[in-house]
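Look at the sequence and the structure below.

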Amino acid sequence: MTQIHSTAIVDAKAELADDVCIGPYSIVGPDVVIGAGTWVGPHAVITGPTVIGQRNRIYQFASVGSDCQDKKYRGEPTRLEIGDDNVIRESCTLHRGTIQDQSLTRIGSRNLLMVNTHVAHDVIIGDDGIFANNVGIAGHVVIGDNVIIGGNSGIHQFCRIGSHAMLGGGTTLFKDIPAYVMASGNPAEARGMNFEGMKRRGWSSQTLNALRKAYKAVYRDGLTLEAAYPVLEALAVDAPEIQLFIDTLRESTRGIAR
């Protein structure tokens, strides 16, 4: 049975699954769909068009699905889509997309967005990420799976962060981060690869050693990317995980943080 607190305001055009819980003084607008098992705490505001999946937890003062902070926005019916099992902590702000992109902001599943995380218009986030307090993600950013971003970090618009990458606290990112790479600083500089995270996922020593060689070819040997690609492709024959590293390098349009 849906539990809606007597002080909450839920628009008649919102679609809530049978066991959704809406806390005191929260507001759910029209064109909002909320999946089974999702809990919305007190004083949250959810506007649409927004689709929220199952078993999410949205804490107090979060603003989900609001109009974007883009002067080109003219009220077009753009969307926000959120997957399953995410934790969205206090004062997070998640904005819908713009027609200048795909009209969509999308957050995957099992992400932890800590206090005051900002996800701007047209951002695409994968699964299993951790975004610490006060992370600011500007418009049109693309973030892969299993990414960790330290507190008080700022991500410039149109940047791409590959899966399994990690940014240290207080990082300011103006360029792209390939998959697996750790970076920190203002501006961000590459510091190595997230080998500890890969070990925790049970990756073999053979794979980790191949990734060390791949990192060395791009960041330590003084090669251009074009010169490094044959080295990386040879390593990928026996360590297919390196193909993701290659792909994120090739997809970069802003250049990579070195």
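At 39% relative accessibility, Glu189 counts as partly exposed (buried is under 20% relative accessible area, exposed over 50%, partly exposed in between, with a 1.4 Å probe and protein chains only). This is a predicted model, in which local features need pLDDT of at least 70 and side-chain atom pairs pLDDT 80 or more, while totals for chains, interfaces and linings use all residues. Residues are numbered from 1 along each chain as its sequence is written, and side-chain values use heavy atoms, without hydrogens and water.

Glu189 forms a salt bridge with Arg191, with the closest N and O atoms 3.8 Å apart; a salt bridge is a side-chain nitrogen of Lys or Arg within 4 Å of a carboxyl oxygen of Asp or Glu. Arg191 is partly exposed at 46%. By this rule the count comes to 12 salt bridges.

Another salt bridge joins Arg110 and Asp128, at 2.8 Å between the closest N and O atoms. Arg110 lies in the loop between strands E15 and E16 and Asp128 in the loop between strands E18 and E19, so the pair ties together parts 18 residues apart in sequence (strands, E, are DSSP runs of at least two residues, and helices, H or I, of at least four, numbered from the N terminus). Arg110, Asp127 and Asp128 are linked in a network of salt bridges.

Arg160 forms a salt bridge with Glu251, the closest N and O atoms being 3.8 Å apart. Because Arg160 lies in strand E24 and Glu251 in helix H4, this pair ties together parts 91 residues apart in sequence.
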